[in-house]
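Me: I have a structure open that is new to me. Can you walk me through it?

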Amino acid sequence: MRYLRFFLRAGMAFVHDTGMAALSFVLSLYLRLGESFAARFDDALLLATGVFTLVAAASFYAVGLYRGIWRYASLSDLTAITRAVTLALLVFLAVTFFLTRLEAVPRGALIINWFVLIALLGAPRMIYRVLKDKGFEHLLERRRPGIPVLLVGANDAAELFLREYKRNPNFAYEPLSMVGITGKRTGRMIHGLKVEGAVDDIPRIIERLSDNGRPPQRLILTRDVDRPVLEKLLEIADSNGISLARLPKLSQLRAGSTPDGSGSGVEIQPIPLEDLLGRKAVRLDRGAMDRLVRAKRVLVTGAGGSIGAELVRQLLAFEPSELLLFDISEYNLYSLTQELSGSQVKTPWRSFLGDVRNHEKLNRLLGELRPEIVFHAAALKHVPLAEDNVGEAILTNVVGTKNLADAARAAGAAAVVMVSTDKAVHPVNVMGATKRLAESYCQALDLESDGTRFITVRFGNVLGSTGSVVPLFQRQLSEGGPLTVTDPHMVRYFMSVEEAVQLILQAAAMELGSEEHENSGRIYVLEMGEPIAIVDLARQMIRLAGLRPDKDVQIVFTGPRPGEKLRERLFHEAEEMLPTDHPSLHLASPRTTDLRLLMRGIDDLEALSRRGEDVDAQTLLGRLVPEYGQTAMTESAAKA
């Protein structure tokens, strides 16, 4: 089935070219004979027309004329047409001379036929291309040598790449061959370059090109592909000692990207790490998100962090009446405000330095600002640091969340959206236990609140976020390695920061758009896909850098760190997983906790933490989050 379209299109082109051959022969005779054409067109000329048509069809097939894609017709196609027509006439001349000594056919008609047939074959192709491109600028193109590459993907981006290669005498790359992703265009041609197969055929093609003394030095991906395909391409590139890169998005190519230093208007880019996730584009209800944010005062805590800053960027697209930025880090807040100052931001925004652990300041500030929607992204999230600083983690993640929730409720906010983590499920570390307790408090408030809604969104690791493994690997790569992985069996869920924030906004819009408050207290859990082994991520990052794992850069296993478990979970067994109308969002049914008991427990935790009694605070944390101590002991026994 995958070749059906190819045979259909190629067959139509072949029928067209064969029909043009017959028409050109008759038309040439008419132009040569003039008014006597009708009288002299006898059975001999009719037979000659048939013979020429068959010879032309065979010549077109031999030259591969039908393989060219009309959408990308150019000067190279005219060259192929000229070769095919010349071959057809030479073969016909030999055949008719052998049979009739050219007595039946006026010899001048053959010269006329050469011009006529080229015009009849070339004009439809050129006209089709001109209509598609709405202009003539891409027809006359030429080829120049450069770094030998193999294109992966026979699409519009590949055509633009080949066009630039032919147009620009200083182009840095020379395409030697091309493959499709699925192979459905195998045998077709774009600007004279043949599609030689699919991804599975790349090793064979590389071997052939190497035997011919011109091996490719780079694979260039021209389109988005699924994660398995990308991993296979990385393996092929690694095994052949070449690198893998990609073209920019088609919109960037059409607009003209930044020159790469060689005079080229096409800039080859490294494969972004997000592509390794292989995640499909998220379907968003932007109308609901717009209704959530537009013309409202919105506060973001932890605004200078990875999640907070991306929240700010995406919120601006929905034009809130005012955006309020809150962060304890002067540098992070300064960097974000500099970014906003340098962009065309229409929404008014203000920045505030402060600590969520300061209850009095939060009450005063929120009482003055009166935010309608609050996104709470402020947290201490680095697991080993939280293990070493128990009181600080409790004060920020638990007490800070309680302070913010209480202040937002007192200020009459419509909703508080709390960002949580998969480490809150069966936590084995202080960071996860504090986030679980923060979840519990927001759930309990939402179950009792008759005004402010409390929405919790839980997800896994974010690629490239502060303190995550990706920046660590990038730094280690820049230093020449080795890359340090704690355990060969360590796996984690990953998503990009853009997707995580999109789904946070989507979850908030869905919950606030619902009339069913009796089912509140639930946690939105983002669909994270399949977990990724950290050691595989390390290998892929080495390959993306154009290096070879365990050869150019070593991977060293250092052993799990304090509070670290091998595999995270997104749901507790006591949380029923409920579907939503969005495929990337699930609901965890609430595990109810008495609000007053929680408040007393958190007050006691705060008192112990502020006095520096971390051991007692950690013990109390284990009582307030029972699975924390139990799971920690189980994990420790498993490691032992």
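Predicted model: local features only at pLDDT ≥ 70, side-chain atom pairs only at ≥ 80, totals over all residues.

Me: What's the average pLDDT of the chain?

Reply: The protein chain averages 80, and 81% of the residues score at least 70. pLDDT is the predictor's confidence in each residue, from 0 to 100.

Me: OK, the overall make-up. How many helices and strands?

Reply: The chain has 22 helices and 22 strands. These are DSSP runs numbered from the N terminus, helices being H or I with at least four residues and strands E with at least two.

Me: And how much of the chain is buried?

Reply: Of the 640 residues, 53% count as buried. Buried means under 20% relative accessible area, exposed means over 50%, and partly exposed is in between, with a 1.4 Å probe and protein chains only. As for contacts between residues at least 6 apart in sequence, 77% join residues at least 24 apart.

Me: Now helix packing. How do helix 17 and helix 19 pack?

Reply: Helix 17 covers residues 469–478 and helix 19 covers residues 534–544; they pack at an angle of about 45°, with their axes 11 Å apart. That angle makes helix 17 oblique to helix 19. Axes are lines fitted to C-alpha atoms, for helices over the stretch in contact, and angles run from 0 to 180 degrees between N-to-C directions. Under 35 degrees counts as roughly parallel, over 145 as roughly antiparallel, 65 to 115 as roughly perpendicular, and the rest as oblique.

Me: Which residues meet there?

Reply: From helix 17, Val-469, Val-470, Phe-473, Gln-474 and Leu-477 meet Ile-534, Leu-537, Ala-538, Met-541 and Ile-542 of helix 19. These divide into nine nonpolar, one polar and no charged. Here Ala, Val, Leu, Ile, Met, Phe, Trp, Tyr, Cys and Pro count as nonpolar, Asp, Glu, Lys and Arg as charged, and the others, Gly among them, as polar.

Me: Take Leu-477. Buried or exposed?

Reply: Leu-477 is buried, with a relative accessible area of 15%. Not counting residues up to four places away in sequence, Leu-477 touches Leu-483, Met-541, Ile-542, Ala-545, Leu-547 and Val-553. Leu-477 and Ile-542 are 65 residues apart in sequence and 7.4 Å apart in space, C-alpha to C-alpha.

Me: Which other residue has a positive phi of about 65°?

Reply: Ala-295 has one, and it is not a glycine. Ala-295 sits in the loop between helix 10 (286–293) and strand 8 (297–301), and is exposed, with a relative accessible area of 54%.

Me: Back to helices. What about helix 13 and helix 15?

Reply: Helix 13 (residues 359–369) and helix 15 (residues 390–410) have axes that come within 9 Å and cross at roughly 30°. The two are therefore roughly parallel to each other. His-359, Leu-362, Asn-363 and Leu-366 of helix 13 make the contact with Asn-403, Leu-404, Ala-407 and Ala-408 of helix 15. That contact divides into five nonpolar, three polar and no charged residues.

Me: Last one: what does Glu-310 touch?

Reply: Leaving out residues up to four places away in sequence, Glu-310 touches Val-497, Glu-498 and Val-501. Glu-310 lies in helix 11 (residues 306–316) and counts as buried at 9% relative accessibility.

Definitions and conventions
Residues numbered from 1 in each chain as written. Heavy atoms only, no water. Contact = heavy atoms within 4.5 Å.
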